[in-house]
Structure formats: C-alpha cells, structure tokens
Amino acid sequence: MAAMALSATSVAVFFFLAVLSGGDAAVVEHTFVVSQVKMNRACRGDTLVTVVNGQLPGPAIEVTEGDSVVVHLVNKSPYGLTIHWHGVKQRLNCWADGVDMVTQCPIQPGRNFTYRFNVAGQEGTLWWHAHVASFRATVHGALIIRPRSGVTSYPFPEPHKEIPIFIGEWWEVDLVKLDTTLGDGVDYNPVNTTINGKLGDLYNCSGALEDNFIIEVEQGKTYLLRIVNAALFSEYYLKIAGHRFTVVAADANYVKPYTTDIIAIAPGESVDAIVLADAPPGKYYMVALGNQQPPPDIQIPPLSSRVLVKYNYNPSKEQALTLGASVMAPEMPDQHNTIASFYFHGNMTGSFAHLPVPVHVDEHLFISLALGVICRGGHVPSPSLPCSKLNGSILAATMNNISFEFPSNVSLLEAHYRGNMSNAGMLHKLPDKPPIVYNFTDRAMISEGSEEAALESTLIATTVRRFRFNTTVEIVFQSTTVLQSDSNPMHLHGHDFFVLAQGLGNYNAERDVGRYNLVDPPVRNTVLVPSSGWAAIRFVTDNPGVWFLHCHYGFHMSIGMAVVFEVDNGQTLNTTLAPPPADLPICEQHDSSVAYE
Ligand code: C2O
C-alpha cells in the first residue's frame with residue numbers, strides 16, 4: 001500500500017477499505033470547499049485563484065472500481081459553480097454530471113450540494129473540474145480508479161509508484177472576464193504552463209530547480225504517470241530526456257501498450273504511461289510544450305514548463321564532477337509541428353477487453369467544427385449587407401454552423417425530466433450535416449475576409465439532438481480552417497466511444513470508411529479531431545439523460561462549440577433515468593413551486 005501512495009498533497013479523507021477488506025465496494029467521501037485564495041506564482045504573491053481546499057491541483061479522489069463517491073461541495077467562492085466528473089459515465093445518474101444549465105443550475109455562493117455517483121465498470125485515470133465558465137483552469141483534480149481485484153491485476157507490471165501529472169496554465173486574468181470576453185476577440189493568454197500547479201524553472205523567479213515539480217526515481221524501477229491535460233488552451237507534447245514512455249491507457253480505458261519517446265495530449269484527455277528508470281543515474285527534465293498552428297493562424301506566446309526527474313543515488317566523486325549540476329533536457333519538436341500529435345493519436349489501439357464495435361449504425365452525423373460570426377444586436381446579415389456594415393460582429397464557434405447557447409432559466413435535464421424541453425429556451429435540432437458544403441480545409445479561409453459573407457449565416461441557439469435509447473450513432477467530426485485551423489478535442493459526457501479512424505483534409509466516405517478500425521479501436525471519452533482533418537467515432541446511446549458534447553478548448557467552448565444529446569429512457573426501470581436528488585440546486589429565477597412528479 002505504501003508504495004502506491006500518490007505524491008499528491010491531498011489532505012482530503014479517503015478510504016481504501018475496498019482493497020483492504022478484499023473486495024467490498026466502499027463509500028469514498030470528500031468535502032470540497034471552493035474558495036478564493038492568494039497564491040504566489042510568477043514573481044507575484046497576490047494572484048487571487050479559485051481552488052478546492054486551498055490546493056492547485058485540488059485533492060485527488062482515489063477509489064476502487066465499483067466504489068461509491070460522495071463529494072460535499074461547499075461553495076465559499078463568490079461565483080455559482082458546478083463540478084463535472086470528467087469521463088465518469090454516470091449511468092442513469094445524469095443529475096450528478098455537473099454541467100452548468102445542462103444537468104443542473106449552479107451551486108450559488110454560500111450554498112452546498114452533495115454529488116453522489118459510482119464508478120462501476122471503469123478503471124484508470126479520470127479527473128474532475130468545474131463546469132461553469134473557465135473555472136476549470138484552477139478548479140480541477142484527479143479521479144483515480146484502481147481495479148477491484150487490486151493493483152496486481154493491472155494489465156501491465158505493477159509500477160513502483162504512481163504519479164499524477166496535471167498540465168495546466170497559470171492565469172492572471174479574472175476567469176469570468178476571460179470567459180465573457182472571448183467572443184469579442186479580446187486577446188488573453190495564460191502567463192505560462194504549469195505542471196501540478198508549478199510554473200517550473202523555465203519561468204523562474206528564483207532560478208531554482210525547486211520551482212519544478214520533482215519526481216524522484218530509483219534506477220531499475222517503473223513509474224506510472226497519470227497524465228491529464230487540464231489546460232484551457234493547448235495541446236501539449238511531453239518528453240523526458242533519455243527515457244521512453246509505454247502508454248497503457250487513455251481516458252480510463254486500457255490500450256495495447258505502445259512505446260514512444262513523445263506523448264501528445266489535448267485538453268480533456270488523460271494518458272497513463274509507464275516510465276522505466278533505466279538511464280544513467282542523474283538529473284533529467286520532463287518538458288511539456290504547447291503546440292500551435294503556424295501563421296496565418298493567430299499566434300500565442302510559446303507555452304511550456306518542466307519537471308525535474310531526479311535519480312536517488314550517491315554519486316562517486318568522479319561522477320559528481322562529470323555530472324555536476326547539469327540536467328539533461330529532451331529535444332522537443334517545433335511548437336508548430338502538429339503532425340507528431342496526429343501520429344501519436346493514430347497509433348493507439350484499444351485492448352480487446354472492450355465490447356465488440358457495433359456494426360450496424362442507426363444514425364450517421366457529419367459535424368463541421370468551425371468559427372463563425374454573429375451580428376451584434378440580432379441583425380440578420382445578407383451578402384449585400386454583412387455584419388461588418390451593420391454593428392459589427394461577435395466571434396462564435398459552431399457545430400454544423402450553430403453556436404450553442406446555454407438556457408437561462410431552467411436546466412435542460414430538469415426540462416427533459418418533466419417532458420418539457422421546449423420550455424428551456426431557443427431549442428434547435430442539430431442537423432445531420434452542415435448547411436453548406438465547402439472545401440472545409442481550404443487554408444485560404446484562415447485569413448479573415450475570404451469567405452466572410454458565407455460565414456455570417458451562423459445561428460445561435462440551444463442545440464439539441466434527441467436519440468432513442470440504444471441507438472448506434474456514428475459521428476464524423478470535420479475540423480475546418482474557417483478563420484483558424486485549430487484541432488478540436490471533442491468530449492462526450494455520459495458515454496465512451498470507439499475512435500474508428502482519423503485523417504487529414506476533407507472526409508470522403510467512399511475512401512475513408514474502408515480505413516475504419518472495427519477490430520481494436522481505442523475507447524475514449526475525448527477524440528482529438530486533427531487540425532485540418534477529421535475523426536470518426538461510434539457509440540451506443542445506452543444512458544438516458546442530457547449529455548453535453550463539446551470541444552474541450554476553453555476558447556471554443558465558451559463561444560459555442562457544443563451541443564446536447566438528449567437520450568430517452570429505455571423500456572425498463574434499469575434503463576430509466578433516476579429521479580433528481582432532493583437537494584438539487586434551484587435556478588435563481590426558477591419557479592421553485594413547480595414540484596417534480
Ligand atoms: Cu471535461 Cu464537459 O468536460
């Protein structure tokens with residue numbers, strides 16, 4: 001047990017009764033107090049940060065498969081908040097999914113709410129984060145699920161130690177302001193990258209190696225890194241000088257072990273990788289480097305941070321002389337190289353433990369992911385009178401040309417539960433395909449001006465797509481080059497999916513269906529749709545409720561790259577959404593006299 005202890009500084013209570021008592025499911029209980037604290041980073045001691053239990057990252061929740069999790073959220077922050085358990089399937093329990101205005105109204109300042117859910121049938125690294133505005137930048141932490149039959153039943157040799165690695169960003173702007181101004185084209189950037197909350201010595205104030213998160217290793221032992229990209233903005237590359245990774249899982253699903261010297265991880269994704277300490281004893285850097293598209297895409301300052309990997313040994317005098325204080329640094333790819341990410345994601349295959357891929361597809365969706373513009377003041381543009389000639393425009397992000405807007409007076413799940421979705425605001429059905437077909441990946445569209453008129457048809461609405469229970473859905477996501485050529489890490493709540501294929505350029509069914517991996521595709525909750533490319537996924541709607549599907553880039557999500565999947569109940573109690581918890585937060589303007597039937 002001691003060897004399994006995580007290095008996270010969690011002070012929260014956790015029970016490990018399940019393993020100790022030989023397999024009974026336990027109740028793991030935490031209290032999360034959200035408050036604003038002053039933190040000392042980037043040479044300033046006064047940055048006000050919203051965090052859980054005073055920690056960044058917040059406390060790690062460690063459980064055994066099948067356990068129940070109870071988290072009492074005490075909101076001492078001045079903001080309404082929710083917590084989402086990223087990747088937890090929440091079967092029949094959509095009420096605990098924690099999405100602002102989708103599954104619940106926010107927990108108001110000074111109020112409490114208790115999240116209750118179980119982690120049956122899932123193993124690996126997940127995480128939790130705020131799901132209101134951009135608060136997930138600092139309100140986040142690990143959710144680690146170990147096998148019921150103990151760590152010796154990992155499908156890889158038992159590691160000597162497990163170490164969570166949270167890639168994040170340090171922000172000095174107000175996260176509410178960040179969120180509300182993104183559509184105005186106001187340019188805010190993070191100060192820089194953090195790893196486990198530390199900026200590291202690349203961004204040094206003291207110049208000391210102690211500014212880094214430090215991993216101490218012993219030669220010959222293996223370490224399981226549980227890596228999460230909790231950043232709002234960027235995909236990251238991760239490398240350790242002189243070492244290789246063996247990737248064993250992603251998004252809490254085992255993959256066939258894959259050995260590589262570089263990991264690529266997008267916001268929302270998690271990757272479990274084993275590192276064998278097999279280099280000559282010494283000091284090595286693990287570097288995280290954000291990538292971005294080259295110009296004409298708008299450039300942000302390069303983002304990176306690093307961890308110190310330090311061998312525990314007593315150097316002889318001679319060794320001490322030759323090694324000195326030197327730390328080996330890995331050779332990183334260029335920050336504009338995004339192809340290494342394409343290959344990393346494409347090389348992953350699932351373990352055979354998963355159910356077979358459904359062969360018959362009931363519904364096919366083709367979804368374009370783009371930026372667009374909406375005229376201010378609700379004007380409807382026309383080619384002869386574009387927004388620019390009216391009052392100007394707001395930048396939006398879209399799925400099939402619709403930009404998602406949250407309902408304002410009732411959560412969609414409450415509306416769904418009462419059979420009253422039409423009351424939830426401006427609902428609009430997500431169409432099967434984009435309204436216009438264009439050359440989605442034409443790089444000429446990156447620069448403003450080219451096709452502006454065509455883009456101004458963007459609609460803003462609460463986009464919902466309804467499915468019968470047990471529908472097999474295939475989605476092809478197409479990244480576009482409208483105003484920018486970002487990749488898009490698309491995350492679906494309440495379901496995992498098979499990632500069948502990815503490609504560069506425009507998707508072409510005739511050519512690309514033949515490339516689907518129907519044998520051993522990876523199972524994920526987040527698919528990185530490559531820059532100027534596409535990805536195909538398939539899943540079964542086996543979980544009734546309303547489930548958010550969105551890009552995990554903060555920028556894209558805040559300006560509307562999202563949709564809600566409404567899944568009907570099945571025929572039996574066992575396929576029916578549970579009633580809401582009694583203490584579910586009520587919306588402020590919401591009519592609380594309306595009782596649930
Ligand atoms: Cu990790 Cu809807 O998010």
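Predicted model: local features only at pLDDT ≥ 70, side-chain atom pairs only at ≥ 80, totals over all residues.

Entry 1: I began with an open sheet of six strands, and I read its order as E10-E9-E12-E17-E14-E15, with mixed pairing. Strand E10 (192-195) and strand E15 (253-260) are the edges, each pairing on one side only.

**Entry 2: the cysteines.** How many disulfides does the structure hold? I found one. The partners are Cys105 and Cys587, with their sulfur atoms 1.5 Å apart. The torsion about their S-S bond is about -65°, so I noted the disulfide as left-handed. Cys105 sits in the loop between strand E5 (83-86) and strand E6 (112-118), while Cys587 is in the segment after strand E32 (562-567), so the bond ties together parts that are 482 residues apart in sequence. Are these two cysteines buried or exposed? Cys105 is buried at 0% relative accessibility, and Cys587 is buried at 5%. I checked two further cysteines as well: Cys94 is buried at 0%, and so is Cys551, at 0%.

**Entry 3: the aromatic rings.** I counted 23 aromatic pairs in the structure. One of them is Tyr258 with Phe344, a tilted pair with 6.0 Å centre to centre and 50° between the planes. Tyr258 belongs to strand E15 and Phe344 to helix H4 (residues 339-346), so this pair links parts that are 86 residues apart in sequence. Tyr258 counts as buried at 17% relative accessibility, and Phe344 counts as buried at 2%. Next I looked at Tyr507 and Trp534, which pair edge-to-face at 4.9 Å centre to centre, with 75° between the planes. Tyr507 is in the loop between strand E27 (497-504) and helix H7 (509-512), and Trp534 is in strand E30 (residues 533-540), so they tie together parts 27 residues apart in sequence. Tyr507 is buried at 16%, and Trp534 is buried at 0%. I also noted one aromatic cluster formed by Phe32, Trp85, Phe113, Tyr115, Phe117 and Trp128.

**Entry 4: arginines over rings.** Arg41 lies over the face of Trp170, at 5.1 Å from the ring centre. Arg306 lies over the face of Tyr285, at 3.6 Å from the ring centre.

Definitions and conventions:
Residues numbered from 1 in each chain as written. Heavy atoms only, no water. Pairing = 2+ DSSP bridges. Helix = DSSP H or I, 4+ residues; strand = E, 2+ residues; numbered from the N terminus. Disulfide = S-S within 2.5 Å. Buried < 20%, exposed > 50% of the residue type's maximum accessible area, 1.4 Å probe, protein only. Phe/Tyr/Trp six-rings, centres within 6.5 Å; stacked < 30°, edge-to-face > 60°. Lys NZ or Arg CZ within 6 Å of the ring centre and 35° of its normal.
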